[in-house]
Each structure stands twice: as C-alpha cells, then as structure tokens.
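Keep it open beside you as you read, and follow the topics in turn.

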Amino acid sequence: MELRKDPITRSWVVVGHGEEVSRPVEPCPLCPATESGQTLLRLPADGPWKVRVTPHPAPLYRIEGEVGRAAEGIYDKMRGVGAHEIVIESPVHVGTLSRLSDDDIELVFEAYKRRISDLKRDSRFKYATALKNQGPAAAAEWTHPHSEIVATTFVPRRVLYELRAAKSYYEEKERCVFCDIVRQEERAGKRVVDTQGDYVAFCPYASRVPFETWILARKHNYQFEAPRAESRRKNLAALVGRTLRRLEQVSDAYHMVLHTSPNTNVPSGHITGYWKTISDDYHWHIEVMPILPKGSRSYALKEVYFNAVMPEDSAKHLRGLEPSL
Ligand SMILES: [Zn+2]
Ligand SMILES: [Zn+2]
Ligand SMILES: [Zn+2]
C-alpha cells in the first residue's frame with residue numbers, strides 16, 4: 001500500500017490497500033461485551049464508558065514509520081503513514097448518533113476534539129479530522145453507531161481548495177469568506193434550516209446533492225478543536241442532533257465530515273503561504289451530504305454535480321420537518 005499523487009489534480013490516492021478482507025461483524029467488536037483493540041480514549045474516564053476510541057482494525061493508514069516521500073520520475077509517492085481510529089459513539093448497539101441525548105452527542109464531539117488535538121501533536125501529520133458514514137448506502141462498516149478519526153501526511157484535496165479560496169478571499173477583502181457566507185445566509189434566511197446559539201445550519205448556495213447541509217459558527221474560529229465554552233458545546237451538539245434528525249427523514253444514509261484547519265505544528269517548509277493568515281481566513285465547519293435513495297441524479301457526472309433539488313427548497317423542506325427526539 002502506498003500513497004500516490006496525481007500531478008494534475010494534486011490529489012493523493014491510497015493505492016494497493018488490497019482490502020475487502022472480511023472483518024468480524026458478529027459478534028460486534030464495538031459492543032462493550034465483546035470489545036477488542038486498544039483503548040485510545042474513553043469518556044467519561046471513570047465508570048462504564050459512553051464513548052470509546054480504538055484503532056481501526058483494518059486501517060487505511062498506519063501509525064508507524066517515516067513518511068518516506070519519494071519521487072518516481074515526475075511523480076510523487078509516500079508511504080501510507082497516518083492514523084485511522086474508530087469513535088464508538090455509544091455502548092448501545094442499536095441506534096444512531098442523532099438519537100443520542102444532546103449531552104451524549106457533546107461527548108462524541110469531545111472525543112473528536114481530544115483525538116484531533118492529540119494527533120496534531122505529531123508533526124508528521126498535516127491533517128487530522130473526524131468523519132462519519134451512516135447507513136449501508138454510505139458504506140458504514142458496522143451498524144453499531146460509530147465515526148472515524150483520520151490523520152494524514154497531506155491535506156485532503158477539498159480542504160486544500162477551501163484553504164486556497166479562503167486565503168485569496170481574505171487577501172482581497174480582509175474578511176473570512178465563511179463568516180461572510182453565514183451573515184448573508186442569515187440575512188436572506190431562505191436556505192437556513194435551523195439555528196441554535198451561535199450556530200447555523202443551512203443548505204449551501206451551490207449544494208452538490210439535495211439536502212446537503214453545513215453547520216457553521218457565527219463566531220470566527222479556524223480550529224474545531226479549540227477550547228469552547230460549555231454553553232457553546234451544548235448548542236453545537238443540540239443543533240447537530242436536530243439537523244441529523246431532520247435529514248434522516250429524507251435519507252437514513254449520509255456522509256458527515258468535519259473540516260478544521262490543517263496541523264499548524266508541521267514545520268512549514270513545504271507548506272504554501274496559507275499558514276500566515278490561516279487563523280483569520282479559515283473557519284471550521286461540518287458538512288453533511290445525505291445519500292438519497294435511487295433515482296436521484298445527485299451523482300457527480302463528468303466531475304460536475306447535478307443536484308435535482310434547489311437548495312432553497314431543500315432548506316424549506318427540512319425546516320418543516322419535526323426534529324424532536
Ligand atoms: Zn455493537
Ligand atoms: Zn470566519
Ligand atoms: Zn468544507
């Protein structure tokens with residue numbers, strides 16, 4: 001297994017993973033009674049755990065070793081070094097993140113935060129984040145509620161695009177593009193799904209799929225893992241819970257990804273200028289992409305997204321749904 005860089009798009013691809021070895025799903029390795037693997041984090045620290053983090057049994061990236069960046073003629077490659085962990089969101093086998101109490105969702109986010117901060121202490125990793133695939137259509141590996149933490153020696157392509165765009169917007173206007181988006185969306189209102197405290201959930205202007213929803217803070221911060229007041233943590237958990245409960249009424253499968261800033265502890269040698277203004281120009285956020293049942297033309301065709309539903313209509317529909325637990 002190695003990582004290869006496409007010289008045109010500059011994206012890194014994991015090749016030769018050779019996966020699809022069958023993994024035990026019975027008995028469930030994420031249940032407390034049958035738990036396996038090292039415990040990287042457990043919350044709360046005492047008593048029975050509510051959230052537990054363990055290394056992925058078949059990781060896409062491996063924690064040991066040097067990055068081994070090398071050239072192969074004009075091409076670049078490196079070893080599949082990184083971290084791949086599972087966040088077990090609940091000791092209960094049946095359920096979803098959205099059905100947890102706000103306090104328990106907050107605990108899952110606390111686990112994201114602590115693992116991301118911990119992995120960012122490793123200067124080999126340029127990026128660390130959390131993501132979640134729910135439902136078979138999203139290729140969830142276990143039915144037990146879980147998400148993943150991934151740390152990589154490169155910045156994923158979409159985040160790199162965001163960083164470049166945010167930096168050039170900032171250079172021109174001396175404002176954060178994400179803060180500007182939140183302000184304009186709130187003023188217009190038509191794509192806003194829900195709000196709580198300082199947090200806003202809305203369908204982005206150029207949504208790639210029907211019901212795509214982003215969650216952003218009104219208050220600027222580039223790092224998800226930055227310390228946050230308790231009331232703000234509660235508001236974020238509550239808004240994410242409600243948003244997912246709305247989305248699950250249109251699709252039970254979704255991808256959720258956290259976009260936070262890259263690791264600023266990396267020696268900045270080969271990192272381009274975005275480091276200097278990153279705390280001002282980048283703004284962490286959560287993106288949720290529901291996977292609609294067949295018949296949706298929401299797939300990327302020839303690299304252009306065709307979204308059959310206007311984001312304003314998606315937001316209106318989501319607003320009308322009952323989000324209570
Ligand atoms: Zn289980
Ligand atoms: Zn901002
Ligand atoms: Zn993003």
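Helix α1 has 19 residues and reaches 27 Å from its first C-alpha to its last, close to the 27 Å expected at 1.5 Å a residue. Please keep in mind that this is a predicted model.

- The largest nonpolar core of the model has 69 residues. Those with the most contacts inside this core are V87, V108, Y112, I149, I215 and V240.
- Which element gives the most to this core? Helix α1 (residues 102–120) does, with eight residues.
- V108 makes a handy landmark for your viewer. Leaving aside its neighbours within four places in sequence, V108 is in contact with V51, V87, E89 and L97.

**Strand β4 and its partners**

- Two of those contacts of V108, V51 and V87, return here as members of bridge pairs: V51 in β4 is the bridge partner of L43, while V87 in β7 is the bridge partner of V53.
- Strand β4 covers residues 51–55, and four of its five residues are buried, so the strand is largely enclosed by the rest of the structure.
- Strand β3 (residues 41–43) is joined to β4 by three bridges, and the two run antiparallel.
- Strand β7 (residues 82–88) is also antiparallel to β4, with four bridges between them.

- How many of the five residues of strand β12 (residues 213–217) are buried? Five of the five are, so β12 is largely enclosed by the rest of the structure.
- In a regular strand, side chains alternate between the two faces of the sheet. In β12, T213, I215 and A217 point one way, and W214 and L216 point the other way, all of them buried.
- I215 is also one of the residues with the most contacts inside the largest nonpolar core.
- Strand β11 (residues 199–202) runs antiparallel to β12, and four bridges join them. Here F202 stands opposite W214.
- Strand β14 (residues 285–291) is likewise joined to β12 by four bridges, in an antiparallel arrangement. In this pairing T213 stands opposite V288.

**Helix α6**

- Helix α6 spans residues 311–319, and its buried residues are P311, S314, A315 and L318. Seen down the axis of α6, these residues fall within an arc of 95°, so they line one face of the helix.
- What covers the buried residues of α6? The cover includes strands β10 (192–196) and β11, together with helix α4 (230–247).

**The open four-stranded sheet**

- An open sheet of four strands has the order β2-β1-β6-β5, with antiparallel pairing. Its edge strands are β2 (12–15) and β5 (70–72), each of which pairs on one side only.
- On average, neighbouring strands of this sheet are turned by 35° against each other, direction ignored.
- Strand β5 is joined to β6 (residues 75–79) by three bridges, and the two run antiparallel. To find this pairing on screen, look for A71, which stands opposite D76 in β6.

Technical notes:
Residues numbered from 1 in each chain as written. Chains lettered and ligands numbered in written order. Predicted model: local features only at pLDDT ≥ 70, side-chain atom pairs only at ≥ 80, totals over all residues. Core = buried A, V, L, I, M, F, W, Y, C linked by C-beta atoms within 7 Å. Buried ≥ 20, exposed ≤ 12 C-beta atoms within 10 Å, placed from the backbone. Contact = placed C-beta atoms within 7 Å. Pairing = 2+ DSSP bridges. Arc of directions from axis to C-beta. Axes fitted to C-alpha atoms, helices over the stretch in contact; angles between N-to-C directions. Expected span 1.5 Å × (residues − 1).
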